[in-house]
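Have the viewer open as you read.

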Amino acid sequence: AYTAAPFVPERADLAALRAAAAGCRGCPLHRAAERTVFSSGDADARVVLVGEQPGDQEDRAGQPFVGPAGRVLMRALDEAGIDPTETYVTNAVKHFKFEVVPERGKRRIHKAPNLRELTACRPWLVAEIRLVEPEVIVALGATAGKALLGPSFRVTRQRGVPLPCPELDGEAPGAECVVATIHPSAVLRAADREATYRGLVSDLRVVAGALG
Ligand code: URA
């Protein structure tokens with residue numbers, strides 16, 4: 001099976017994890033992507049935000065959530081009363097997965113990671129959460145939800161309520177709770193953008209409430 005486990009250094013700090021992740025070959029996604037996109041933000045954050053995978057702009061920049069979905073996310077956090085600079089931002093999968101469809105030119109079209117890739121990359125996410133020790137983990141969309149809560153996770157059924165954080169390495173939960181919501185890119189694709197955005201903000205207010 002694909003796994004990042006042999007690439008994850010033990011007892012490493014965040015800088016060492018980041019450096020090791022740059023050389024991860026735990027699954028085939030590193031071949032086509034430009035680089036590993038690890039994380040950004042505050043290592044002492046009370047909130048860890050987990051997205052799906054870097055997009056085209058993130059793959060170029062080497063930073064998560066710097067493209068259009070990131071702008072939606074930062075605005076929604078702010079509106080929910082969460083300072084985006086006080087969060088730790090990462091993804092369930094650390095490489096950009098895409099396809100190039102010749103009829104659509106040279107653009108790299110995002111492809112959702114599959115369960116094998118998600119499982120392969122999970123040791124990075126677990127190590128990050130162990131280091132940051134947040135109070136709340138936010139799963140942004142179905143992929144992040146599955147990475148944190150298992151393959152039967154459904155965002156429509158489980159969003160917007162604090163869920164018990166599962167054991168992340170067979171030992172102890174990584175946080176007091178997980179709150180799931182839609183992926184911010186869903187706002188950009190929605191027929192009713194305003195209502196979809198309102199739903200995202202409302203779920204993030206639950207996060208703010210859980211922080212007390
Ligand atoms: N979408 C994600 O899930 N993560 C990013 O970093 C950018 C877009």
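Helix 8 (residues 193-211) lies across strand 2, strand 6 (136-140), strand 7 and strand 8 (177-181), and runs at about 170° to strand 8. Contact here means C-beta atoms, placed from the backbone, within 7 Å. Angles run from 0 to 180 degrees between N-to-C directions, with axes fitted to C-alpha atoms, for helices over the stretch in contact. Helices (H or I, at least four residues) and strands (E, at least two) are DSSP runs, numbered from the N terminus.

Mind that this is a predicted model: local features need pLDDT of at least 70, side-chain atom pairs count only at pLDDT 80 or more, and totals for chains, interfaces and linings use all residues. Residues are numbered from 1 along each chain as its sequence is written.

Now the sheet: six strands, open, in the order 1-3-2-6-8-7 with mixed pairing. Pairing takes at least two DSSP bridges between two strands. The edge strands each pair on one side only:

| Edge strand | Residues |
|---|---|
| strand 1 | 39-41 |
| strand 7 | 162-164 |

Strand 2 (residues 47-51) and strand 3 (residues 87-91) run parallel, joined by five bridges, and Leu49 sits opposite Val89 in strand 3.

Helix 8 also meets helix 3 (residues 68-79): their axes come within 8 Å and cross at roughly 55°. That contact is made by Ala76, Leu77 and Glu79 of helix 3 with Tyr197, Leu200, Val201 and Leu204 of helix 8.

Methods: Two residues are in contact if their C-beta atoms, placed from the backbone, lie within 7 Å.
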